[in-house]
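Open your viewer and get ready to select residues. We will go stop by stop.

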Amino acid sequence: MGAIILMIIALIGGYFFLKNFERIDRSLFGADNPDYESYGLIPVMLCCLFGAIAVGGTFLQSIFDASWDTNALQRLMLLGVSFVAIFGVYQAFVHQEKTGSIIGKAVFMLLSCALSTVIGALGAVVLIVVLTIVLILYVAAFALGGGGSSKKGKYIIDENGNKVSLKSADLLPSDNLRGSDGKSYRDCGDGTAQRTSDY
C-alpha cells in the first residue's frame with residue numbers, strides 16, 4: 001500500500017510537470033527572449049504514452065498470466081521513446097541559437113522525455129490497480145446483493161400476477177422474502193415468487 005501511495009504522489013507531481021511544461025520551458029530558455037515560443041511538449045507527451053503502453057501491457061500480462069509477448073511491445077515502445085527523444089534534441093539544434101542554449105535545451109528535452117516515460121508507466125499501473133479494485137468491489141457487491149434481483153424497494157410478481165413489494169431482503173439470494181402484504185415468499189428466480197407462509 002505504501003508503494004501505491006508513493007506512486008500516486010509521484011504521479012501527481014509528474015502531472016503538474018507536464019501541465020506546466022511550457023511555462024517551465026519559457027522560464028528556462030525564454031528569459032532573454034520575449035518572443036520565445038515553447039516547443040517540445042508533443043515529444044514529451046508521446047514518451048508518456050509509450051511508457052504507459054509498455055508498462056501497462058506488461059502489468060496486464062502479469063495480472064492475467066496472458067501468453068502474449070510483452071518483450072516485443074517493450075522493445076517497440078523503447079524504440080519510440082528513443083526516436084522521440086532524439087527528435088527533441090534535434091529541435092534544440094534547430095530553434096536555439098547559442099551553444100549554451102542548445103546544450104541546455106537538449107539536456108532538458110532528454111530529461112523531460114525520461115521523466116514523462118516514467119510518469120506514463122506509473123499512471124498505467126495506478127490506473128490498472130484502481131480499475132481492478134473497483135471491478136472487484138463491484139462484483140462483490142453484485143454477488144452479495146443477489147445479482148440485484150432482491151434489493152430493498154424492488155418488487156416481484158407472485159403466482160397470481162400481483163406485485164409484491166419487498167420490505168426486506170437478505171444479502172444472499174433469499175428463500176424467505178418478506179412481502180408488503182406481511183407474508184413470506186420464495187423468489188423463483190424468473191420474476192415470480194411463491195408464497196411460503198401466511199405470517
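Keep in mind that the model is predicted.

**Stop 1: helix 1 and helix 5**

Select residues 2–19, which form helix 1. How do the two helices cross? Their axes come within 9 Å and cross at roughly 135°. That angle makes helix 1 oblique to helix 5. The crossing is left-handed.

Now show side chains at the contact. On helix 1, pick Met-7, Ile-8, Ala-10, Leu-11, Gly-14, Phe-17 and Leu-18. On helix 5, their partners include Leu-115, Ile-119, Leu-122, Val-125 and Val-126. Colour the contact by class. You get 11 nonpolar residues, 4 polar and no charged.

**Stop 2**

Keep helix 5 on screen.

Select Phe-21, Ile-24, Asp-25, Leu-28 and Phe-29 in helix 2. Across from them, in helix 5, are Ser-101, Gly-104, Lys-105, Phe-108, Met-109 and Ser-112. By class, this contact has 6 nonpolar, 3 polar and 2 charged residues. Ser-112 also takes part in the contact of helix 5 with helix 1.

**Stop 3: two cysteines**

Select Cys-47 and Cys-113. Are they buried or exposed? Cys-47 is buried, with a relative accessible area of 0%. Cys-113 also counts as buried, at 1% relative accessibility.

Next, look at the two sulfurs. A disulfide is a covalent bond between the sulfur atoms of two cysteines. The cut-off for a disulfide is within 2.5 Å. For Cys-113, the nearest cysteine sulfur is that of Cys-47. A search of the whole structure finds 0 disulfides.

**Stop 4: Glu-37**

Where is Glu-37? Look in the loop between helix 2 and helix 3, which spans 41–64. Glu-37 counts as exposed, because its relative accessibility is 65%.

Arg-26 and Glu-37 are 11 residues apart along the chain. Draw a line between their C-alpha atoms: the separation is 7.2 Å.

Note on methods
Residues are numbered from 1 along each chain as its sequence is written. This is a predicted model: local features need pLDDT of at least 70, side-chain atom pairs count only at pLDDT 80 or more; totals for chains, interfaces and linings use all residues. Side-chain values use heavy atoms; hydrogens and water are left out. Contact means heavy atoms within 4.5 Å. Helices (H or I, at least four residues) and strands (E, at least two) are DSSP runs, numbered from the N terminus. Ala, Val, Leu, Ile, Met, Phe, Trp, Tyr, Cys and Pro count as nonpolar, Asp, Glu, Lys and Arg as charged, and the others, Gly among them, as polar. Buried means under 20% relative accessible area, exposed over 50%, partly exposed in between (1.4 Å probe, protein chains only). Axes are lines fitted to C-alpha atoms, for helices over the stretch in contact, and angles run from 0 to 180 degrees between N-to-C directions. Angles under 35 degrees count as roughly parallel, over 145 as roughly antiparallel, 65 to 115 as roughly perpendicular and the rest as oblique. A crossing is left-handed if the near helix is turned anticlockwise from the far one by less than a right angle, and right-handed if clockwise.
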